[in-house]
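Q: I have a structure open and want to go through it piece by piece. Can you help me read it?

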Amino acid sequence: MSVAPSSSSQTDRRSVAIDRAVDVVISSRGHASPTRLESACALLRQQAPLHWVERPGVRPFRAVTRYADILSIETRGGEFAAGPRTYLASETSEAVLQRVTGKPQLVRSLTEMDPPDHGAYRALIQGAFAPPALRETELWLAHWAAEMIDRVASRVRSFDFAVDVALPFTFRVIGRMLGTPEADDARLARLAQAFVGAEDPQRRLAESPGDTMRMAMLALRDYFEAVVADRRAKPRDDLASLIAHAEPHGAAMPHYELISYFILLVTAGHDTTALALAGGLEALLAAPDQMARLRAEPELLDSAIEEMLRWTTPVRHFMRTAVCDTEVAGQPIREGEALALFFHSANRDEAVFAEANAFRIDRSPNPHIAFGRGPHICMGLQLARMQMRALFAALLQRTDRIELTGRVRRVQSPFMSGVSRLPVRLNFRALRSEAAE
Ligand code: HEM
């Protein structure tokens with residue numbers, strides 16, 4: 001005879017399940033395992049959407065997993081500050097940072113800033129990322145995408161789309177805008193990746209994530225100090241010169257903020273887009289009907305790209321801190337409470353996206369928040385879309401088949417994650433001149 005469980009044991013089981021889901025959502029490994037991550041997010045959205053998390057070694061915070069709540073917090077900049085607690089970090093690494101740098105963060109850039117600095121610093125280069133300024137870049141991107149595909153066309157065997165195409169393709173875009181030489185791309189990309197993915201064993205430069213971040217930060221600082229000195233002596237028509245001469249409040253930027261600006265651009269500007277490209281291709285390979293449709297109806301490319309952005313959501317969280325007593329979805333939030341906004345969960349929220357776990361290239365509307373929203377909305381969103389459009393257009397035009405040839409690997413990080421290894425083989429279409437021979 002079965003015995004009905006007591007309500008207290010049901011409550012215990014529920015809180016154990018919630019705790020386990022939180023472990024997945026805040027862990028590096030959780031983000032490298034899509035199935036576990038999706039079910040953990042679904043459980044939290046359903047049962048504990050604004051869950052108060054207390055874990056040894058991490059200052060308490062709320063895990064926010066519903067789309068509507070994240071959107072509401074992101075767009076209420078006056079009530080929720082972006083700094084100084086911008087990412088989830090252990091108390092140990094926060095203490096080390098405080099001791100070493102005297103600040104709660106390794107860098108202080110736009111993502112860590114609030115008014116009045118945020119607006120003043122953002123305005124410095126926002127124009128360079130607006131569509132009129134990007135027109136020349138868009139024309140160049142079509143050539144650059146074709147060249148990238150040519151570089152791998154000679155490889156008869158398989159190659160790694162994430163490492164050999166997506167990363168070098170995206171890094172050159174930001175390197176070209178900044179004005180750094182192509183010869184430095186691989187080194188800068190490696191440092192930038194270590195900086196944002198310090199927990200990942202393949203991205204580490206040292207044993208501990210804290211040491212990795214510090215090493216990457218110091219190497220990037222040395223590199224950009226030299227760039228700043230060069231541009232101050234000999235200004236050029238590039239972003240590095242613009243930043244080196246910028247005066248956000250009518251005076252030169254303090255050194256810490258100046259170097260942070262460069263670090264923000266090299267970290268935000270390529271890994272994110274590379275993860276969306278590799279994850280987008282992986283999604284197409286896993287859904288052959290969607291791949292066939294995109295080949296047959298190339299006019300769906302723009303909506304396919306929006307779906308890839310929703311699907312991959314490379315930036316997994318940012319944090320906000322309540323600056324006053326307030327509420328979210330009727331739940332009181334006290335001044336000083338920190339909230340981690342899990343964008344990936346928002347983009348799989350069934351309350352907004354029908355069949356959220358299906359990858360559909362014609363999804364419409366698709367109000368995903370892969371680029372965030374509100375005052376900190378991604379400054380490079382048009383540039384990211386242009387890059388994705390150019391590379392997928394070149395790839396699909398020149399191939400008639402793409403196959404996965406090995407194991408997919410994902411970045412282990414609760415901050416920026418997605419596909420970091422995607423071994424594939426391309427079958428190139430016969431060009432007309434070859435076909436005629
Ligand atoms: C698929 C590619 C990309 C994704 C998914 C992405 C995502 C994001 C997200 C989620 C934020 C924070 C938004 C918020 O807090 O509300 C952000 C901020 C930012 N992104 Fe991107 N990004 C991408 C590409 C780029 C590129 C190519 C650049 C060019 C340099 C860029 C530059 C920035 C900057 C400067 C910020 C800080 C804005 C601020 O705090 O005011 N991003 N991005």
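Q: Where does Ala 329 lie?
A: Ala 329 is in the loop between strand S6 (326-328) and strand S7 (331-333). Keep in mind that this is a predicted model.

Q: Next topic, peptide bonds. Which residues does a cis peptide bond join around Pro 84?
A: Gly 83 and Pro 84 are joined by a cis peptide bond, with omega about -5°. Pro 84 sits in the loop between S3 and helix H4 (91-101). A cis bond also joins Ser 364 and Pro 365, where omega is about 0°. Most peptide bonds are trans.

Q: And where is Pro 365 found?
A: Pro 365 is in the loop between H15 and H16. Cys 378 also has its place in the loop between helix H15 (343-346) and helix H16 (381-398).

Q: What does Cys 378 do with the iron atom of the ligand?
A: The SG atom of Cys 378 is the single donor that the protein gives to the iron, at 2.3 Å.

Q: How many residues surround the ligand?
A: The ligand is surrounded by 31 residues, and the closest are Glu 74, His 118, Arg 122, His 376 and Cys 378. By class, the shell divides into 18 nonpolar, 9 polar and 4 charged residues.

Q: Which polar side-chain atoms lie by an oxygen atom of the ligand?
A: A side-chain N or O atom of Arg 122 is 2.7 Å from a ligand oxygen. Arg 320 has a polar side-chain atom 2.9 Å from an oxygen of the ligand.

Q: What about the lining by class?
A: The lining has 13 nonpolar, 3 polar and 10 charged residues.

Q: Now sheets. What is the order of the 5 strands in the open sheet with mixed pairing?
A: The order is S1-S2-S8-S5-S3. Strand S1 (50-55) and strand S3 (80-81) are the edge strands, and each pairs on one side only.

Q: How do S1 and S2 run?
A: S1 and strand S2 (residues 58-64) run antiparallel and are joined by 5 bridges. Trp 52 stands opposite Arg 62 in S2.

Q: What about the open sheet of 3 strands?
A: Its order is S4-S12-S9, with antiparallel pairing. Strand S4 (159-160) and strand S9 (399-404) are at the edges with a single partner strand each, so one side of each has no neighbour in the sheet.

Q: How many bridges join S9 to S12?
A: 5 bridges join S9 to strand S12 (residues 423-428), and the two run antiparallel. Thr 399 has Phe 428 in S12 as its bridge partner.

Definitions and conventions: Residues numbered from 1 in each chain as written. Predicted model: local features only at pLDDT ≥ 70, side-chain atom pairs only at ≥ 80, totals over all residues. Heavy atoms only, no water. Donors = N, O, S within 2.8 Å, 3.2 Å for Na, K, Ca; no water. Helix = DSSP H or I, 4+ residues; strand = E, 2+ residues; numbered from the N terminus. Nonpolar A, V, L, I, M, F, W, Y, C, P; charged D, E, K, R; others polar. Near = heavy atom within 4 Å. Polar contact = N/O pair within 3.5 Å; in protein donor to acceptor, adjacent residues only side chain to side chain. Pairing = 2+ DSSP bridges.
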